[in-house]
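Okay, thanks everyone, let's get going.

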Amino acid sequence: MVYLDYAAGEKIDDDVLNLYTNYLKDCYPNPNSNHTLGKEMMKKIDDATKKYLDLLQLDDTYEIVYTSSATESNNLALKGCAKRYKNFGNKIIISSMEHTSITASCEVLSKEGFDIEVCPVKSDGKVDLDELKNMIDDNTILVSITSLDSELSIKQDLDKVLEILKDYPNIHFHTDASGIVGKENFNFNGIDLITVAPHKFGGVGDLSLLVKKKDVFLSAMISGGRSASIYRAGTPNTASILANTLSLEKALNDQKKNYDYVEKLHNKIINNLKKYKIVNINNLDKSTPYIINFSVKDVLSNTLVEYLDEREIYVSSKTSCCPVFSPSKLVYALTKNKSLANESIRVSLSKNVKEEEIDEFLNVLDEYLEKM
């Protein structure tokens, strides 16, 4: 078996798993309980929150809402912010490179009367900042731009977006940082809402962090009794919250070493793909090495995905949350080419991929391409 879909899900780190198992056994008291054991659990969560913020290089003007997934965090960020600040306006701007959980949230908000605008990207894959400036008006309350997209792996210039937004005190800025943490350097200071997904960097998959400025308020999406945050009811997932501090710490400590290793695998795949005139590499020079996105002329994505699947090689055609038979919206946003979007293949790498697995993948792919 060769697994090359790490952008969809990373293998949990062994040390994190062991720690998580121990916390499951020992940290069973409900942190919402008002007795001594409950208070001890909440203290552990508070200490973990401080550690997360320290690792993300954020100060105590930020807090964390713990959710079940990056999708929930993105939904809470967009819907919660839009509904809380609707008296200030109803326009929301997103980029054309956003995850389905962002675009789907906006579709719901559109039906509720919010005005949704999509900012295009330029030929280098970066958000068109001139277009963004033109879209902003006095009715704009929220801008959401991914830090690093999940199909072409292009890092956006969030600092330049912040520079534009500093003159608009009624606009809040959200970024889905699921793809960047542990992969590329980042600076989240000044951003109002930040989605972090531990399962993308070796953590436990039933937890996401919505990191937010304390002076940004949200309408809660889940109702219930008091909890670790007023913005999300429910019993806190203590074991995952505590264990995933280690996953974040290890991902950041090992980032450079992992990047260099993955870049070596990436270059091997790219050099092999360049042999074929029928292959178009959709990535740009600005893309990180963790994702290789390519299209094979006249071969629909699912045809090649299924061919590789039958040989126990697992890649994807796009982000796993999109409809199976739909074209890649992100590839189309960049290339404006429907054929490339319908034929795109995403190979996503990790420190866990062995070089011999890449050789196996390339041998099978060569067999397929050489028959064409």
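Predicted model: local features only at pLDDT ≥ 70, side-chain atom pairs only at ≥ 80, totals over all residues.

I'll go through a helix pair, then a sheet with its helices, and then a few single residues.

Two packed helices are described by the angle between their axes and the distance between the axes. Here we have helix H1, residues 14-26, and helix H7, residues 238-253, packing at an angle of about 160 degrees with their axes 8 Å apart. Angles over 145 degrees count as roughly antiparallel, and H1 and H7 are therefore roughly antiparallel to each other. As for handedness, the H1 and H7 crossing is right-handed.

Who's touching whom? From H1 you've got Asp15, Val16, Leu19, Tyr20, Tyr23 and Leu24, and they meet a set in H7 that includes Ala239, Leu242, Ala243, Leu246 and Lys250. Sorted by class, that H1 with H7 contact has 9 nonpolar, 3 polar and 2 charged residues.

Okay, on to the sheet. Quick reminder: strands of a sheet pair through backbone hydrogen bonds, either parallel or antiparallel. In this one, 3 strands make an open sheet, ordered S9-S10-S12, and the pairing is antiparallel. At the edges sit strand S9 (279-281) and strand S12 (344-348), each pairing on one side only. On average, neighbouring strands of this sheet are turned by 30 degrees against each other, ignoring direction.

If you zoom in on S9 and strand S10, residues 291-296, they pair over 3 bridges in the antiparallel sense. Ile281, for instance, has Phe294 in S10 as its bridge partner.

Now, which strands does helix H8 touch? H8, residues 255-273, packs on the sheet against S9, S10 and S12, and its direction makes about 15 degrees with that of S10. Helix H9, residues 301-310, packs on the sheet as well, touching S10 and S12, with its direction at about 45 degrees to that of S12.

While we're on H8, have a look at Lys264, which lies in that helix. Its relative accessibility is 47%, so Lys264 counts as partly exposed. Lys264 and Lys351 are 87 residues apart along the chain, and their C-alpha atoms are separated by 11 Å.

Last stop, backbone angles. Gln57 isn't a glycine, but has a positive phi of about 60 degrees. You'll find Gln57 in the loop between helix H2 (36-55) and strand S2 (62-67). Gln57 is exposed, with a relative accessible area of 54%. Lys336, also not a glycine, has a positive phi near 60 degrees, and Lys336 sits in the loop between helix H10 (329-335) and helix H11 (338-342).

That's my tour, thanks.

Definitions and conventions: Residues numbered from 1 in each chain as written. Heavy atoms only, no water. Helix = DSSP H or I, 4+ residues; strand = E, 2+ residues; numbered from the N terminus. Buried < 20%, exposed > 50% of the residue type's maximum accessible area, 1.4 Å probe, protein only. Pairing = 2+ DSSP bridges. Axes fitted to C-alpha atoms, helices over the stretch in contact; angles between N-to-C directions. Contact = heavy atoms within 4.5 Å. Parallel < 35°, antiparallel > 145°, perpendicular 65-115°, else oblique. Left-handed = near helix turned anticlockwise from the far one by under 90°. Nonpolar A, V, L, I, M, F, W, Y, C, P; charged D, E, K, R; others polar.
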